[in-house]
Amino acid sequence: MVIEAVKLSVSYDNTQVIKEVSFTLAEGVVAVVGPNGAGKTTLLKAISGLVSYAGSLKIMNKDLRVFSAEERARLITYVPPLVDVMPDMSVGDLILSDPLVSKELLEEYIELFELSSLLKRRLSKVSSGELSRALLAKGLSKNSKIVALDEPLSHIDLRFQLILLKHLRVLSKGGKLILVASNQLNPLLSYVDRVVALKKGEVVFTGDVASFLRSSTPERIYGVKFEVVFKDGYMDIIPRELA
């Protein structure tokens with residue numbers, strides 16, 4: 001297993017936001033889903049070693065706490081949806097601000113996410129979607145074993161959503177574990193191997209996509225009744241009415 005969590009908890013200001021969750025995750029693309037405030041971002045940050053936690057969290061059979069900061073930074077990459085940036089910094093400077101970025105891979109991601117024309121543009125002059133694409137290029141260029149993408153679909157358009165998701169499928173075949181936290185079930189669930197569902201800081205489901213959709217979990221966590229339509233190997237999850 002790549003990740004093993006046992007009774008993992010995270011608290012902010014004496015309030016538990018992740019509540020003694022236990023799960024194991026192997027290589028592949030994993031959707032981390034749940035409503036606003038369910039704990040998706042906090043869970044990704046705990047796995048990435050960015051917040052303190054209680055309980056056990058092992059990465060590649062080794063306690064996360066014993067990794068040095070440099071080892072952890074090479075092994076795990078957390079990519080936020082957006083960041084507070086210096087407005088006079090250029091897109092190119094932002095991408096190159098991490099010393100662990102592979103220049104060779106970065107060239108590939110600049111092409112993949114169509115960033116060439118934006119490299120000299122100041123961050124104050126780019127859209128949220130363009131900034132998100134730059135952050136994805138920067139994060140994926142580190143070539144980490146584990147990649148935690150926090151709401152990567154929220155700011156990019158449909159075309160780049162498909163470009164990203166199809167590429168994540170390719171990366172996962174090389175033995176990576178890619179976590180994708182998202183409020184959007186479409187088109188995400190057509191491109192992942194497994195689902196981790198959270199509600200109020202608790203993991204209420206782990207398993208394959210088909211089992212997730214057959215269960216009552218989607219309705220239970222979102223409070224919405226869904227219809228699922230399958231066609232040509234893809235799926236459309238349609239919210240019909242409030243539960």
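**From a helix to a sheet and its salt bridges**

Glu-111 lies in helix H4, which spans residues 103-112 (helices are DSSP runs of H or I with at least four residues, strands are runs of E with at least two, and both are numbered from the N terminus). The model is a predicted one, in which local features need pLDDT of at least 70 and side-chain atom pairs count only at pLDDT 80 or more, while totals for chains, interfaces and linings use all residues. Residues are numbered from 1 along each chain as its sequence is written, and side-chain values use heavy atoms, with hydrogens and water left out.

With a relative accessibility of 64%, Glu-111 counts as exposed (over 50% relative accessible area; under 20% is buried and anything in between partly exposed, with a 1.4 Å probe and protein chains only). Glu-111 belongs to a surface patch of negative charge, together with Glu-104, Glu-107 and Glu-108. Such a patch joins like charges within 9 Å, among residues with over 30% relative accessible area and no salt bridge.

Salt bridges number 8 in the structure, each being a side-chain nitrogen of Lys or Arg within 4 Å of a carboxyl oxygen of Asp or Glu. In one of them, the side chains of Arg-122 and Asp-88 meet at 3.4 Å, N to O. Arg-122 sits in the loop between H4 and helix H5 (128-140), and Asp-88 in the loop between strand E6 (76-79) and helix H3 (91-95), so the pair ties together parts 34 residues apart in sequence. Arg-122 is partly exposed, at 46% relative accessible area, while Asp-88 is exposed, at 57%.

Another salt bridge joins the side chains of Asp-98 and Lys-142, again with 3.4 Å from N to O. Here Asp-98 lies in the loop between H3 and H4 and Lys-142 in the loop between H5 and strand E7 (146-150), so parts that are 44 residues apart in sequence are tied together. Asp-98 counts as buried at 18% relative accessibility, and Lys-142 is buried at 16%.

A further salt bridge links Glu-227 and Arg-240, whose closest N and O atoms are 2.6 Å apart. Glu-227 belongs to strand E11 (residues 224-231) and Arg-240 to strand E12 (residues 234-242), so this pair ties together parts that are 13 residues apart in sequence. Glu-227 is partly exposed, with 33% relative accessible area, and Arg-240 is exposed, with 53%.

Pairing requires at least two bridges found by DSSP between two strands. Strand E1 (residues 3-12) and strand E4 (residues 54-59) run antiparallel and are joined by 5 bridges. Within this pairing, Ala-5 stands opposite Leu-57 in E4.

Helix H1 (residues 40-47) has 6 of its 8 residues buried, so the helix is largely enclosed by the rest of the structure. The buried residues are Lys-40, Thr-42, Leu-43, Leu-44, Ala-46 and Ile-47. Just after H1, Gly-49 takes a positive phi of about 75 degrees. The C-alpha atom of Gly-49 is separated by 7.2 Å from that of Leu-64, 15 residues apart along the chain. Leu-64 is found in the loop between E5 and helix H2 (69-75), and at 3% relative accessibility Leu-64 counts as buried.

Definitions and conventions:
Patches are made of residues with over 30% relative accessible area and no salt bridge: like charges are joined within 9 Å, nonpolar side chains (Val, Leu, Ile, Met, Phe, Trp, Tyr) within 5 Å. Accessible areas come from the Shrake-Rupley method with a 1.4 Å probe; for residues, only the protein chains shown count as cover. Lys and Arg count as positive and Asp and Glu as negative; His and the chain ends are not counted. The place of a charge is taken as NZ of Lys, CZ of Arg, CG of Asp or CD of Glu.
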